[in-house]
Amino acid sequence: MIHSLFLINASGDIFLEKHWKSVVSRSVCDYFFEAQERASEPENVPPVIPTPHHYLISVLRHRIYFVAVIQSEVPPLFVIEFLHRVVDTFQDYFGVCTEAAIKDNVVVVYELLEEMLDNGFPLATESNILKELIKPPTILRTMVNTITGSTNVGEQLPTGQLSVVPWRRTGVKYTNNEAYFDVVEEIDAIIDKSGSTITAEIQGVIDACVKLTGMPDLTLSFMNPRLLDDVSFHPCVRFKRWEAERILSFIPPDGNFRLLSYHVSSQNLVAIPVYVKHNITFREGSSQGRFDLTLGPKQTMGKSVEAVLVSSQLPRGVLNANLNPSQGTYTFDPVTKMLTWDVGKINPQKLPSLKGSMSLQAGASKPDENPTINIQLKIQQMAISGLKVNRLDMYGEKYKPFKGIKYMTKAGKFQVRT
Amino acid sequence: MTAMQRLLQLPVTAVNMVKTVQSQVQGQEEDKSPVLTPDGVHQAWYSALQPDELRHLRSGGTGGGGRGGGGGGDHEEHSSLEEGGGGGGGSIFQSQPLRHDDLKEMLDSNKDSLKLEAMKRIVAMIARGKNASDLFPAVVKNVACKNIEVKKLVYVYLVRYAEEQQDLALLSISTFQRGLKDPNQLIRASALRVLSSIRVTIIVPIMMLAIKEAASDMSPYVRKTAAHAIPKLYSLDPEQKDQLIEVIEKLLADKTTLVAGSVVMAFEEVCPERIELIHKNYRKLCNLLIDVEEWGQVVIINMLTRYARTQFLNPNMNESLLEEGSDKTFYGSDEDEDEEEEEKEKKAEAPMAKRKPYVMDPDHRLLLRNTKPLLQSRNAAVVMAVAQLYFHLAPKAEIGVIAKALVRLLRSHSEVQYVVLQNVATMSIKRRGMFEPYLKSFYIRSTDPTQIKILKLEVLTNLANETNISTILREFQTYIKSMDKDFVAATIQAIGRCATNIGEVRDTCLNGLVQLLSNRDELVVAESVVVIKKLLQMQPEKHSDIIKHMAKLTDNIQVPMARASILWLIGEYCEHVPKIAPDVLRKMAKSFTNEEDIVKLQIINLAAKLYLTNSKQTKLLTQYVLNLAKYDQNYDIRDRARFIRQLIVPTEKSGALSKYAKKLFLALKPAPVLESPFKDRDHFQLGSLSHLLNAKAGGYQELPDWPEAAPDPSVRNVEVKDSVPEWTKCSSREKRKEKKVEKPFYSDSEGESGPTESADSESDSASGSESGSGLEESGSGSESEESEEGSESEEEEEEEKDKKKKKKELKKPVQESESEQSSEEEVRKHERKNKQRKSDSESESDEEEESESESSQSESEDSESEAEVKKKKKVAEPKPPSKPVKKECKKEKKEMSLLDLDDFEPAPSPQATPLNTFLSSSLVNDLEGLSLSDAVLSPATISPSSTLKSYELLHRITGEGLSVEYCFSRQPFPPDGNMVAVQMQFTNNATSDAKNLHMEDVKLQSGMRVKEFTEIELLPAGETATAVMGIDFCDSTQAANFQLCTHTRKFFVSIQPPVGELMRPVFLTENEFKKEQGQLMGMNEISEKLTLDANCRNEHSIVQRVITAANLSRVPCGSDKECRFAGRTVTSSSLVLATVASREEGAAQLTVNCEKMVIGTMLVKDILLALTQ
C-alpha cells in the first residue's frame, strides 16, 4: 500500500523520508514540485498526482506536505486519512507539528512511523497503543534520558494491541479521577449581501478528556438527542445502544479523544449570532473606495460574543486601506491584500465599527468584485443548537469521578458576501 | 537450505571477518553484488564461504554502480563515495570517511548509552536520506543488544539497508529465528515482522517456514503478523504464490477480528482473482466486520463489493420495467409505505408475475445490513468504502442513506473533500435524487481552494433541475464575481451546461452570458463567448437577435479571443443575419491591419463564407481582405489567405476542390456536447484510485458486471470440516454449523430470508407439513447467525427485552416498513428462538401467545421463498437430524446465544470465549431439566452426582466446634457461568449457636473472582446448613483463600480445586470428537500408558472413575475398548478431551488433548491416579 513517505517543507526541502518497502528515490518528488509550481496557492496542489511509475498522494498540514508514494491501486482516502492520522499523532506527541519539532524528535518520529505501518499497511494507529510502545517526549524525560541514557521506548510489551478494547491501555491509575467533556459547536453559514441567510448549519463535536482509573464504562445521555441528525463515533461507542436508546455507551480511551461529531439537522433553524452592516464601494474613475463595516449581536441568548475576528480578502486593485476602528486593531497586508480586524468582545451598547477609505491603483478600473467577509467568534457556555447533556454515569469502577461539561459555540466557515 | 543454516550459525568472528572484507571493498560498488542474482547459485557459494573468495567475487561483480538517485546534493554521500573509491582494493583503513569512525567506535563500545546515541544519529541520517550503508557491519552486530531501544533502531536500520547488503544481513537472521520461538507472543510477532521485512531473496525459504508456522500460532496477534508477512514474501518472490495462497486460505478461516483485516489485505495483494476462497468465509467476514479495526474494514468492504458483484443478482435489474411506486414496494424498502402503494403493488404484480421475480439473496442482504452502521465511522475511508458498496450493490431505493454520510465528510480536511467530491460528482450523475436535499452543502465559499470549488460546481451542475435551477443560477451569479478567475471560467461553463440540460432556462442563461461579454476580464469574456457559441450552435434560428447583439459588441470588445469567436459565429450563421454580416466584414476589413492574428484568421474565414453565400455584396471586400492578408507578417495568415483564395475563387488552375468549397465551409458543424467529465466514470469502482484518475491504476481489480443468473448460493454454507483449530471462541458454534450442513438449504435461505420481502409474498400458502419442519430449521439457522452477532456486537439484555415488546406491536402487519426492518429482523430471530425454546421445554406458558401469533408470520415467510425451496430441494435433500443430538445441541446453543451478550467486558485473554452468564433462574431450571433428559437420552452418560467427593474446609477442632465441608456440586452456578459452584456444608458441633456465618477478606490470584455465599444468620447447635458459593478459578488450580467468620471468630481457610473440577461436560458426537482431537495434536496431546487397577477393568467402572475424577461427559463410542470423554474448561471454554483405550491384561493408554497444556498435564495425573488405585 503505502510505499514511502516524504516530508516537504514550505521552501521545498525534503527534510524527512521513510520507506516501508524497497527504497524509492527521492527524485520522485520532482513530479510533486512540478505540480506545486503549477498551483497558484499551496492548497491547490492536487492531492493525487500520477507519475509514470508511482502515485503521489499528499496532504498539507501546518505548512508541511506529507507526500506518500504508492505503487498500485489503493483507495486514495485510505492514504489521506492515514496521513492525517500521522499528523494528529505527531501533534499529540510533540504538541505542535512543525518542521523544527519533527527534526528535533526525528528518532521518535521514525519509531512512530515504524509502528504505525507495517509493509505499508496500518498497524497501530491508536494513540493509546502507540504511547504504550513509545513514550512521548517531555522536557523532564529528555533531561533524564540524556543523563542516564535511558530510553523513550516502553519497557513493557504493548499488550494493548492484543486487547479487546484496543483504544484503552490497561492498568490506568489516577489519584484524581476526572472526566471532562467539551461540547463545541461550529456554525457554518453563508449570508448574502442583503443579510439573509443562504445556508446555515451546525456541526458539533464532543471532545473528551477522560482520566479515570481502571476500566470504567461510561454512559452519556442527552436531554434532546433528536437534535442530532448525523453522527460519527469514536470506535469505542456502542453503536447498537445508540440506535436503540440514543445513549452513548462506551469504555473511553485514556486521555484526550473525540467522542462524537455530529450534524444538527437542517430542519432546525440556525440562530445566527451576529449581523454585519457593510458598505464597501469603489467609484468608477476615482482612486478611492469607501469601506464601512459595523458588527452587532443578533441571537445570542443573552451570552456575550467574544474573540471576534473579521478578515477579508480585498480586491487586487486595492493599494492601501486607511481605516479607523471603534475598537480593537486592524491590519492590512498590502502584498496579500488581506485585511484582518481583531474586534474582541462585542459590546451591545456600543457596536464595533471599522470605517475609512481605501486607495486604489491609479488609473486602474474599478474592481468588479466585492470582497467576502469571514468572521470568527466564540460564545462561551452555550451550544447554539440547544443540545444539552443530561447525565453521565459510570459503571464498572467503584470510585466517584469528578465530572465536568463545557459548552462552546464558534463560528466555523462563516461568510458574509458583500 | 542446510548450507544456509550453517551460515546462520556462523560465530561472531565470522561477522568481524566479513566486516573487514566489507569495509575494504566499500565504495567500489554499493548495492549490487552477484549474490543478488536470483539464480540459486548463491547457495552453493555461501556454503563455501571464504574471505578471499568473497573479496574476489565482490570486486568482480561490478554489475551495479552506486545507489542511484539517492539524493542530489548529498555531500556526505559523495565524500564517502570518493574516499571509498580512492582506497578501493587497497589498504583497509583509509577507505573509511573519518566522520563515521566515531559512530563505529560508539557502536563497538560496551555502554548502551553510547550505542544508543550512535544509533540515534544514524537513524537521523537515514531520515534525512543520507547514506549510512557503510556502517552496516558495525550496526548489525548490535542486533542482539539487550537494550530495547537500541534493538529497535537496529531493526530500523537493518530493514532499510538489508537489501543492499544481503550477505551481511544474513548474519542477523538467527536472532530472529530464535525470536520466533519465544514464549511471548509479542516477541514472536515482532521477530516475524522484522524477518519478513528484510528483503533478501536467500531467506525466502526461512520466511516461508516462519509464516506457515506463525499462521497456526495460538496467538491471534502472531497470526495477524503472519498475514502481514504474506505480501512481503510475495513481492520478494512471486514464485511462492501457491504456497502463500494455502496460508491465506487457512488464515481466511480465522475467526478473530484481529486477523480478518490483515488476511484480506494479503488476499487482495496476492490472489485477488481467487474469489472462490471467500465463499466459506463470506458470512463470517460480514459478521465480524463491525469489530475489525478501521483500516481492515476498508479493505474487507472493497473486497466484498467485488465478491458480491460476482455472486448476487443485480437488485435493480427490473428497474426499467417498473414504475417508480411499485418499484419501491417491490423491494420492500420504501421509507413510508402506505396502503395506496400496496394497492399499486397489486396492480403491478400482474405483469411482473411473468418475469422471474427478484428476491434478494439473504447473503446480499446480510452484507448491506452489516455495513450500514459503518457509515457512522470517524474514518473517512471507511465511510467512503461503505458508500461505494451501497452505490454498486444496493437496490436503488436504499442508496439514499449514504448521501448524508458523504456530505458529512465535506467538513473534513480539504484533501478528503477533494476525493469525496470526485465521487459525489460521479454518483450525482447517475443518482441525482440522492444528493438533492443536500444541495446547499455544495455551495461554494470564497475560502475554498480552487480545486474544491470546481468540483463543487460540478456537483451543483449535476444536481440542477427545473425546480432548483433558479436558486442555482442565483448562486452562480455570485460566483461570477469571484476573484478567482479559473473558478469564474468554470462557472461560465457550468452555466452553459445548465442551459443545455434544462430548456426553460436557456434564454436566461444566454442573456446572462451575453452580459458577461462586456466583462473586463479576458478570460471571462472568452469563456462566455465560447459557451455562447456552443449554445447558439444548438438552435441558431431562434437566436439571430443574439447574434446581432454580438455583432454590435465587436465595436466594444477588445479581447481577441472573444472577437474571433463572434466573427466565427457571424460567418457560420450569416444566413440568419444577412444584412449585418457584410457590414461587420466591412468594419473588420477596415481595422484588419490592427487586429490580432487570431482575429485576422477569423476575418478571412468570415470573408470566405460570405463570398460563398453572398458574393454579390462581398466580392470586393473579400478580395481586399485577401490582399491585405497576402502581405501580412504572419505566415499562417498568408498561408490561409492563399489557400482560401485558391479554394473559393474559381480559376482555371484550381482543381476539383473549388466545386466543393461551399460544402467545405458551410458544412453543418455538429453542436458540441456539453457533458460532465464525470460521465461514465462509474465503471471504475468508486473510491478507488483508478476512479479518481479516470485511468486504470496498476493492480486495479475490475468491478465485474452482475451475473445473468446467480451462482449457487450454497457455496457459502460453512461446513464443519473447514473450521480452524480451537483458538477462538467457538464452543458450541461448531455444532450449529454441523447442523447447517445437515440441512444446508433450510438453515441458509429460510433462516435468513426474512429481510427480503418478495413480491409474491402473499400469493399461495405453503403446505402444512412443509412449513412445519421448515420452521424448526429456520429457527436454528437464524439463531446461529444471531448468536454470532450477539457475541460480536454488544447487546444488552434490556435491549432484547425491549425488542420483544416491540415485536408484539409489530406483529400484525405482514409488510413492514423499511425503517424498522432491521430491528424487525432481529425481533424475528428472537421469536424463532423463543419458539424453539418452547419446543424444547414445554413448561413455558408465558411465551405461548407470542409464538402462536408469530407462526402465521413465519408461515407466510415460508411461502415467500417457496419457489426457491422447490428449486433448491433438488440440490440438497434435507435429512432429518437424529433426535438426541439435536436436543443436546439446542441446549448448547441456547447457552451461547442467550448468554454471551456482554462481549465488551475485557476478556481475560483474547482467545477466551465470551462469558457464559446465566440470565434468569427459570432458564437455568430449563437447562437443568434438559440435562436430566440428556441422561435419559444418552445412557452412556453417567450422572456423577452420587459420587461427589467432599473435602474438609474447617475441622471441627480448629473450628472450635464448627466444621465445614465442601464439595464441587458440578451444577451450573446461576449468577455467573464462569464460576465453579462449591457447595459447603456447615455443621455446628459446638454447644452454642453460631451466628452470622459469612466470608471476608478474600485473597485471590489475579483474574480470579468469587461470588460469596449468602450469610447464614443462625446455625443452632447440632444443626447443619448448606450454602453455595461460586469461584472463578480462571482455569488454574490456585487456591482461593478467604476468612470464614462467625460472630465471634475468624478462620483462615482455602479452597483448592482438583483440576477435574475446572471443567464442565460438553456433549460431542464421535465424529466431532475425532475432528477436535485431530486439531489438538502435538504439544496439546499428552499420552500416558498405565495398568488398570484390578477392580477397574470393565467399561463401566472406567467411566465411573474418570467421571469422578473430572467433570467430563462421556462421548458415545462404537468400540467398548475405548472410552471417550469431553468437556470444556469453565473460564476459557477450552476443549478438554480424554480417551482411555484399554488393552489386554489391564494395560491401557490414557490420552488427554487440551489446548491448555497445564490443565492437560494435571488432568492426566489425576485420571491416572483414579484408574490405577
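Which residues does Thr1046(B) touch, not counting residues up to four places away in sequence?

View 1. Thr1046(B) touches Leu962(B), Lys995(B), Asn996(B), Leu997(B) and Phe1051(B), contact meaning heavy atoms within 4.5 Å. Thr1046(B) counts as buried because its relative accessibility is 12%, the limit for buried being under 20% relative accessible area (1.4 Å probe, protein chains only).

**View 2. Interface of chain B and chain A.** The contact takes 105 residues from chain B and 104 residues from chain A. Between them the chains bury about 9000 Å², 57% of it on carbon and sulfur atoms; buried area is the accessible area (1.4 Å probe) that two parts lose on being put together, summed over both. Trp295(B), Arg411(B) and Met483(B) supply 10% of the area that chain B buries against chain A, more than any other three residues.

**View 3. Salt bridge of Asp118(A) and Lys232(B).** The two side chains meet at 2.8 Å, N to O. The count between chain B and chain A is 11 salt bridges, each a side-chain nitrogen of Lys or Arg within 4 Å of a carboxyl oxygen of Asp or Glu.

Residues are numbered from 1 along each chain as its sequence is written, and chains are lettered from A and ligands numbered from 1 in the order in which they are written. In this predicted model local features need pLDDT of at least 70, side-chain atom pairs count only at pLDDT 80 or more, and totals for chains, interfaces and linings use all residues, while side-chain values use heavy atoms, with hydrogens and water left out.

Conventions. Buried < 20%, exposed > 50% of the residue type's maximum accessible area, 1.4 Å probe, protein only.
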